[in-house]
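Please look over the sequence and the 3D structure shown here. A short report on them follows.

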Amino acid sequence: MEQFRRQRTTGAWSDKERGIVDQYQTATSFAQPAAVSGSTKIKSRHVDVFYGSAQAIFDVNLDIRDRTVTAFIGPSGCGKSTFLRCLNRMNDPIEGARVEGEVIIDGENVYAPHIDPVQLRARVGMVFQKPNPFPKSVYENVAYGPRIHGQVSSKSELDDVVAEALQRAGLFEEVKDRLDEPGTGLSGGQQQRLCIARAIAVNPEVILMDEPASALDPIATAKIEELIDELRRNYCIVIVTHSMQQAARVSQRTAFFHLGYLVEEGETNQIFTNPKDERTQDYITGRFG
Ligand SMILES: Nc1ncnc2c1ncn2[C@@H]1O[C@H](COP(=O)(O)OP(=O)(O)OP(=O)(O)O)[C@@H](O)[C@H]1O
């Protein structure tokens, strides 16, 4: 614990701040001891985003590691979701939205003219705040992606892909006798795990999660967090969260955004216990947000 008791670079912690930081430390149940050793999967370079004439993201340069959970935190409206959507071109369909700069995944700029956004979104899947299963069966929700992307050649192969995705999403045991029932009939937490299974089924490399547990109760949230911790063994995961405790629990790296700028990025422990920038310090200790 001693390493967490050092002074921050911008001055000594007050007792109140120290208490808050200690809470993050206690909240950190499984993510922190993990190695933060994944190679760089995604690089953003000079990314600006505009909605019409209003600029929402300013010159963001960020390296995101593979097999690591990176949390985006920051006050409401600071641009977390906007920047997350840049990573799989989900801003493209928004009228008036314009992205400048480069997002490079495995050495290739995803904004290059030859990139097909639909194929990109299979490689870089997304899970939203509100679970949004299709109005189809549990099975069809998961089978849809592999089928339209032509990734399977027979029904039995599709059955295997569906079962494996449900297993990886920690849902198979709960739904194996309900595969033909509507996905919308599952509980909120199960629906969110179904959406994660749907994302996994097309064999992505990156999973983006925009506040994936904010509509869920604490038990369902805990299951999603455990699942995220499990999934990072195989995927690059980026999660937007309003909960700093959640960021501390699930992520190994954290990026703090403020007013459209990336203020600071680093190991989650460092961001929460020894931030370099006073704005990060003020945010994590609740001075604004
Ligand atoms: N579709 C849109 N059209 C116009 N402006 C938008 C749009 N989406 C977001 N914005 C603006 O861009 C800025 C960043 O919003 P964004 O939703 O990315 O922030 P955020 O940090 O994710 O916020 P929150 O935590 O409240 O979800 C805000 O000023 C917001 O009003």
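## Basis and overall makeup

This is a predicted model, in which local features need pLDDT of at least 70 and side-chain atom pairs count only at pLDDT 80 or more, while totals for chains, interfaces and linings use all residues. Residues are numbered from 1 along each chain as its sequence is written.

The protein has 11 helices and 10 strands; these are DSSP runs numbered from the N terminus, with helices being H or I of at least four residues and strands E of at least two. Of its 289 residues, 44% are buried, meaning that 20 or more other C-beta atoms, placed from the backbone, lie within 10 Å of the residue's own.

## Helix α7

Just after α7, N203 has a positive phi of about 65 degrees.

## The largest nonpolar core

The largest nonpolar core has 72 residues, and those touching the most other members include F72, A165 and A197. Such a core is a set of buried Ala, Val, Leu, Ile, Met, Phe, Trp, Tyr and Cys residues joined through C-beta atoms within 7 Å. Helix α7 gives the most to this core, with 7 residues.

## Around the ligand

The residues surrounding the ligand include Y51, K80 and H242, each with its C-beta atom, placed from the backbone, within 6 Å of the ligand. Helix α2 (residues 80-86) gives the most to this shell, with 3 residues.

Key: A residue is buried if 20 or more other C-beta atoms lie within 10 Å of its own, exposed if 12 or fewer, and partly exposed in between; C-beta atoms are placed from the backbone.
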